[in-house]
Structure formats: structure tokens, C-alpha cells
Amino acid sequence: MVQTYFNYIDGEWVSAQSGDVYASINPANTEEVLGYFQKSDERDVEVAIQVAEKAFKAWSHVAVPERGDVLFKLIYLLEEQKEELATIITKEVGKTYKNSLAEVTITIDAMKQFSGEATRLKGETVPSKNAEIFGYTVREPLGVVGVIAPYNFPLGIGIWKIAPAIVAGNTVIFKPASNTSLISVKIIELFEKAGVPKGVINMVTGPGGVIGRAIGNHQKIKAVSFTGSTDVGLALGRAVTTRGGKMQAEMGGKNASIILEDANLDETIQNVVISGFFDNGQRCTGTSRLIVPRSISKDVISRLVEAANALHITDGFDEKVDNGPVIDESQLNLYLKHVDLAIEEGATLECGGKRLIDQGRDNGYFVAPTVFSGVTPEMTIFSEEIFAPVIAVIEVDSYEEALEVANDSDFGLSSTIYTKDLEKAMHFVKHIQTGVTHVNIPSNYFENQYPFGGKKASSLGPREQGSTALEFWTEYKTVYIKA
């Protein structure tokens with residue numbers, strides 16, 4: 001029997017008022033149903049908000065270090081359940097078990113950093129021009145907030161959005177991605193075991209359009225943190241900010257990596273494989289545009305094609321696996337659509353570009369790592385995010401042209417340059433229009449103690465993570481005292 005899971009509201013597991021459920025399916029084997037989940041609507045969101053609003057009154061007055069203790073306990077729970085959590089992630093997302101374990105490890109690292117932030121929720125003391133007045137600032141929680149998480153890092157992103165929100169003293173309405181609902185149930189169980197009081201975190205599963213709209217439009221939701229597509233994020237941001245709420249969104253990317261003639265090609269190609277192909281390119285910071293001088297383009301393309309063809313694509317639990325399947329049929333069809341469109345618009349397919357249905361892969365959404373050459377800025381593949389293992393190679397005549405091409409994008413999330421020329425590297429760092437950048441490192445590299453976010457259409461609002469993580473979830477109060 002396949003288990004049915006429920007919403008989590010006021011510390012209880014409850015059915016959606018619609019009475020309907022939906023399935024979460026293993027993308028490596030679509031015949032395997034991992035669980036049935038509540039197909040909620042606006043009514044369930046309304047109940048959750050009422051509960052969260054009531055819980056806020058008590059939670060917001062709990063000492064901040066005591067709120068931080070929850071995250072400290074969460075570290076040990078994540079360590080204890082590491083293998084179980086990684087197994088669920090691999091089954092539900094399709095990524096390799098190795099990468100799933102890495103996601104759990106990254107989440108543990110994030111909690112180590114966030115738990116320490118509980119003692120750094122500080123304001124400032126500023127001298128008054130009146131000698132009889134003592135002035136200072138404090139940071140206070142907002143109230144009920146919304147968290148909308150994606151499927152690609154469902155444990156990590158879900159937890160590192162919720163964690164700073166509750167440490168700051170807010171109460172949360174959590175909407176996970178529908179195709180990663182099972183690992184999201186585990187998130188709630190972890191927080192519950194870590195000692196979060198009832199009503200502080202509430203989870204409502206269901207269609208993104210319905211639940212997201214209800215969260216975005218509700219006047220009592222003081223802030224929303226979202227990770228997902230740019231179209232959805234911008235629409236949600238308009239709804240939230242129009243009614244006076246705060247919005248934080250991490251959205252799409254069309255990230256460029258530049259390779260210069262003096263780069264170490266062996267190391268560079270491996271880094272491009274890591275950032276462009278691993279996790280099936282389902283990373284917002286992954287490399288999707290590779291910009292190379294014409295003088296070395298044939299060598300780079302040859303090496304990249306060889307590396308792509310050598311990758312082992314199969315179930316994420318296979319010992320030799322490099323990539324599992326993409327997340328679902330919709331993502332598979334998007335990949336195939338962009339492959340056909342790129343060929344139609346004149347790009348050269350160097351390798352890949354197809355669904356893999358042999359060698360026992362016929363029941364999964366497996367695709368081949370794909371390389372296109374001859375890509376120009378006029379092509380759709382140059383500008384639109386695919387979120388799949390597709391790398392578009394663009395040839396240029398100089399470093400200056402490479403930088404111009406890299407900045408020719410509506411997105412501005414991540415980037416990297418591969419070179420031994422320190423002068424060019426530092427010029428690139430200064431002039432590239434992205435929120436995160438790298439030198440001789442894969443474009444998807446990050447550490448939790450640094451702020452994360454993009455420019456242009458890649459981000460809205462304050463940065464996530466690092467020393468800035470609590471800023472979005474608080475507001476300042478200025479105090480003047482005269483004895």
C-alpha cells in the first residue's frame with residue numbers, strides 16, 4: 001500500500017478540505033508512486049495563517065538564543081538521518097545518491113551557521129545629539145511569513161529558508177514543490193523533533209498556482225521567500241509588494257563561463273562538466289553558456305563532447321552513476337523542445353539531444369548530456385533557461401567580446417572565468433553583471449556563510465544565507481530614551 005501524507009497545521013497532520021490528493025512519482029521509474037499528498041486550496045492556507053498568527057504572539061517573545069537552540073538540535077537530527085534523507089531525495093528528485101548526501105551535508109553546514117546567527121540578531125547604539133537621550137535600534141520579527149521552495153534542492157533550500165525565518169521570531173506557512181512533497185514531510189518531522197512549538201511552522205501541499213496565489217495575495221502574510229522560475233517569481237513579487245509585503249526571490253539564470261587561451265583545459269573541462277551537466281543542469285547557478293575564443297574552440301568542444309559522452313546516465317543509486325533522470329515529464333518535454341528549437345535556429349548539435357530509453361531506462365525521464373556549438377545571441381538557446389544538461393558554446397575573438405557576450409542576458413545570477421591572467425580575472429570580477437562570480441571554479445560553487453543572490457531578473461529583494469540571512473526576516477525599531 002502506498003502511504004497517504006497530510007498537511008501539517010497547528011502541530012497536527014490533517015487532510016485538505018478538498019478531499020483530493022496527488023501522487024509523487026520516482027522520475028527514474030514512473031511506475032513507482034512514492035506517496036499521495038494533500039491537494040490543498042485557499043481554504044487550507046487560510047486556516048494555516050490563522051494558526052500561525054496565533055502562534056506568533058508567543059513565539060516572537062521567546063528569547064532569540066532559545067529559538068536558535070532549535071537549529072542546534074536540528075544539526076544532530078540531520079546527521080542521524082543522513083542516509084534516509086539522501087535516499088528520499090534520490091527517489092523523489094532523481095539526482096545521484098552521492099549528490100543527495102552532499103545536499104544533506106550542505107544543509108547541516110547551513111544550520112551550523114544559522115544557529116550561530118541567533119546570538120547576532122543585533123541592532124546598533126548611535127550617539128544622540130541630545131546628551132540626555134539614549135538612542136538605539138533593535139530588530140523585530142515581521143509576523144506570519146510564506147516560504148515557497150523548489151524541487152532541485154528540496155531539503156536544503158526548504159530548511160535554509162525556514163530556519164532564519166523562525167530564528168528571527170516569525171511563524172511560517174511552508175509550500176513545498178509538489179514533486180518533492182515526501183522530503184518536505186521529513187523537513188516538518190525534523191523541525192517538530194527539534195522542538196518547534198505547534199503553529200510556528202505549518203505546511204500546506206498542493207498546486208503551486210493555487211497555494212502560491214493564496215500566499216502572495218493574503219494581507220496577513222508579511223513576507224514571502226520564493227525560489228523558482230523567473231516568470232512565477234516576478235508575478236508573485238508584484239502581488240506581494242503591491243499590498244505592502246516584503247519579497248525575496250531567487251529565480252532563473254543563464255550563467256556564462258568564459259575560457260581563455262591560457263586556461264588549464266583538463267581542469268577547466270572537468271569544472272564545466274560539474275557545473276553544466278551534473279544534477280542534469282537542474283541548478284540555478286549551473287553553466288549553460290560556454291564562451292570560448294575561436295583559437296581554442298575546436299579543442300574545447302572536442303574535449304567537452306568526449307566528457308559528455310563518457311557520463312553514465314542511470315538510476316541514482318547505481319554505483320557508477322553520474323546523472324539520474326530529470327525531475328518530471330514536463331522538464332523532459334522542455335529539454336526536447338529546446339533541442340529541436342536550437343537545431344531549427346541553426347545551432348550545431350555536437351552530442352546528446354535525446355531521451356535515453358535503452359538499457360532499462362524506458363520507465364524514467366533520462367536524457368543525454370547535450371552540447372551545441374555555433375550558438376549566437378539571436379538564438380533562443382542563448383537567452384532562455386532550460387534547466388537541463390545542455391551547454392551552448394559561443395565563439396568569440398577576444399576577452400572583451402567574451403565579457404560583452406556574458407553580460408548580454410536578462411539574467412545575472414552566477415558566472416566564472418578560467419584563466420591564469422590575474423589582470424583579466426580581476427577585470428572580469430569587477431565588470432561581470434552577476435550577483436555571484438568565480439575565477440577558475442565551477443559556476444555553481446557556493447558556501448553558506450556568504451550571501452547568495454543575483455542581479456537583473458535572477459533575484460528580488462535582500463540576499464539569502466550568510467551574514468545577511470536574518471535581514472529579510474526582520475524590521476528595525478528605533479528607540480529614544482530620556483530618563
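Predicted model: local features only at pLDDT ≥ 70, side-chain atom pairs only at ≥ 80, totals over all residues.

Visitor: Where does Asp-10 lie?

Guide: Asp-10 sits in the loop between strand S1 (7–9) and strand S2 (12–14), and its phi is near 55°, a positive value in a residue other than glycine.

Visitor: And Gln-359, is that one buried or exposed?

Guide: Gln-359 counts as exposed, because its relative accessibility is 66% and the cut-off for exposed is over 50%. Gln-359 belongs to the loop between strand S13 (348–351) and strand S14 (370–373), and its phi, near 55°, is positive although the residue is not glycine.

Visitor: Changing topic, how many residues has the largest nonpolar core?

Guide: The largest nonpolar core has 67 residues, and those with the most contacts inside it are Met-111, Leu-155, Ile-166 and Phe-191. Helix H5 (residues 154–167) gives the most to this core, contributing 9 residues. Apart from this core lies another, of 58 residues, which includes Val-292, Val-339, Phe-372 and Ala-392.

Visitor: What is Met-111 in contact with?

Guide: If we leave aside its neighbours within four places in sequence, Met-111 is in contact with Leu-71, Leu-74, Ile-75, Leu-78, Ile-159, Trp-160 and Ala-163.

Visitor: Which residues of helix H7 are buried, and what covers them?

Guide: In helix H7 (residues 208–217), the buried residues are Ile-211, Gly-212, Ala-214, Ile-215 and Gly-216. Their cover includes helix H1 (42–59), strand S6 (144–148), strand S7 (171–175), strand S9 (221–227) and helix H8 (230–242).

Conventions:
Residues numbered from 1 in each chain as written. Heavy atoms only, no water. Core = buried A, V, L, I, M, F, W, Y, C linked by side-chain atoms within 4.5 Å. Buried < 20%, exposed > 50% of the residue type's maximum accessible area, 1.4 Å probe, protein only. Helix = DSSP H or I, 4+ residues; strand = E, 2+ residues; numbered from the N terminus. Contact = heavy atoms within 4.5 Å.
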